[in-house]
Amino acid sequence: MAQFSRAGLITKPTPLERLNRLSDHLGIDLWVKRDDLAGVSFGGNKTRQLDYYFGAALAEGADTILITGAVQSNFTRLAAANAARFGMRAIVQLESRVDAPSDLYLNSGNVLLSRILGAEVMHFPVGEDENGADKALYQRAEAIKAEGGKPYVIPLGKIENPIGALGYVDAAKEIMAEDQGFDFIVTGSGSGMTHTGLIAGFAPYAPHVIGSCVRREKSLQIPRITALLAAYQDMTGEDLGLSDTDIDIWDGALAPGYGKMGPVAEAAMTLMAQYEGLIIDPVYTAKSFAAVPEMVESGQIPQGARVCYIHTGGLGAFFAYQDQLSQLGA
Ligand SMILES: Cc1ncc(COP(=O)(O)O)c(C=O)c1O
């Protein structure tokens, strides 16, 4: 790990807290890793990933960060926030991933925050063309170079060098340092960097990592995580000694698709809010947390198990979805 620079974006460790009422309710010993508190500007898992991307960018002397995400991306908002801290320029490319977006979706939440944080916004018209989006961003980077700038691109599709995953190897170490004897770690699985880092970080230890799909279904996410783990091992020179059972993916809350709430995610959001006073977001954390009650119900997480749920944040987008959430609650 020493060969990879970090920018120091987070005060570590983030809190690890027991969820007492939900533990009683579900019959398990449930804890939450509060990565929603990781770093500035509403925090989240992406801060840990950006710690390494900014580390590399600063080491190269970059003055401009370029990044792609969905319109309501937390990654782009956090890149904008951390670029501001280093006096860097941030160019965020927003992809159209959600059909028939509302005005709120297009202008509030992370879009509003990114604007306030000083980011320059560009748009990419397709939501499922990672290589096309990267090409457009590299072209913009070339134009910045021609003007005398020093761009650093955080790629979307390129997985050969998954340095973002290193942030979650760090998180695994923080969790192990608290020695709570967890049986299961539950996290969201989208780009797969968080999930990959946790599998790598926990590989020598007992906890079994479960990834809950937030972006694409299990049949597509398994090869993605498999490829990321291979790339991670090439990048670090480590042999993690993994088998197929180490890639455990659940997609029971993904429907009706990326960026849209279904009944399973809605139930998870109100459960967390009304038992623990913790807010989880409609796109990522409601879907990832849903794995916990659903897998307890199905017996895949047995009664009495010690479970650590990773709260990966997402709160910057919350009010951009208020029209989808207005039916929830008492
Ligand atoms: C709040 C939140 N949680 C989870 C994820 C999924 O993490 P990853 O992209 O590392 O798979 C994301 C991705 O954007 C996110 O913003």
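**View A. Ser189 in strand β7.** Ser189 belongs to strand β7, which spans residues 184-189; strands are DSSP runs of E with at least two residues, helices are runs of H or I with at least four, and both are numbered from the N terminus. The model is predicted, so local features need pLDDT of at least 70 and side-chain atom pairs count only at pLDDT 80 or more, while totals for chains, interfaces and linings use all residues. Residues are numbered from 1 along each chain as its sequence is written, and side-chain values use heavy atoms, with hydrogens and water left out. Because its relative accessible area is 0%, Ser189 is buried (buried means under 20%, exposed over 50%, partly exposed in between, with a 1.4 Å probe and protein chains only). Beyond four places in sequence, Ser189 touches His195, Gly211, Ser212, Cys213, Val214, Arg215, Gln221 and Ile225; contact means heavy atoms within 4.5 Å. The side chain of Ser189 makes a polar contact of 2.9 Å with the side chain of His195, and another of 2.9 Å with the side chain of Gln221. A polar contact is a pair of N or O atoms within 3.5 Å; within protein, one must be able to donate a hydrogen and the other to accept it, and residues adjacent in sequence count only if both atoms are side-chain atoms. Ser288 stands 99 residues from Ser189 in sequence, yet their C-alpha atoms are 7.8 Å apart.

View B. The ligand sits in the largest cavity. A cavity is a set of points, on a 1 Å grid over the protein atoms alone, where a 1.4 Å probe fits but cannot get out; a molecule sits in it if more than half of its atoms lie within 2 Å of its grid points.

**View C. Polar atoms facing the ligand.** A polar side-chain atom of Asn45 is 3.1 Å from an oxygen atom of the ligand, and one of Tyr284 is 3.4 Å from a ligand oxygen atom. In the side chain of Thr312, an N or O atom is 2.6 Å from a nitrogen atom of the ligand. Taken alone, the ligand exposes 390 Å², and the protein buries 96% of that area; accessible areas come from the Shrake-Rupley method with a 1.4 Å probe, and for residues only the protein chains shown count as cover.

View D. Thr76 lies in helix α3, residues 74-85. Is Thr76 buried or exposed? Thr76 counts as buried because its relative accessibility is 1%. Apart from neighbours within four places in sequence, Thr76 is in contact with Ile67, Thr68, Gly69, Val92, Leu94 and Ser114. In helix α5 (residues 109-116), Ser114 is buried, as are Gly109, Asn110, Val111 and Leu113. The buried residues of α5 pack against α3, β4 and α4. After α5 comes Gly118, with a positive phi near 95 degrees.

View E. Pro15 is placed in the segment before β1 (16-18). Its relative accessible area is 32%, and therefore Pro15 is partly exposed. Setting aside neighbours within four places in sequence, Pro15 contacts Val32, Lys33, Arg34 and Leu37. Between Pro15 and Ile175 the sequence separation is 160 residues, while the C-alpha distance is 9.5 Å. Glu174 is part of helix α7, residues 166-177, and is buried because its relative accessible area is 10%. Glu174 is in contact with Lys12, Pro13, Thr14, Lys33 and Arg48, neighbours within four places in sequence being left aside.

View F. The peptide bond from Lys12 to Pro13 is cis, with omega near -5 degrees; Pro13 is found in the segment before β1. Ala255 and Pro256 are also joined by a cis peptide bond, with omega about 5 degrees, and Pro256 lies in the loop between β9 (248-250) and α10 (263-276). Ser41 is not a glycine, although its phi is positive, about 55 degrees; Ser41 is placed in the loop between β2 (29-34) and α2. Ala100, likewise a residue other than glycine, has a positive phi near 45 degrees. The loop that holds Ala100 runs between β4 (89-95) and α4 (103-107), and Ala100 is exposed because its relative accessible area is 77%.

Note on methods
On a 1 Å grid over the protein atoms alone, a cavity is a set of points where a 1.4 Å probe fits but cannot get out, and a pocket is an open set with protein on both sides within 12 Å along at least five of seven lines; lining residues have an atom within 4 Å of a point.
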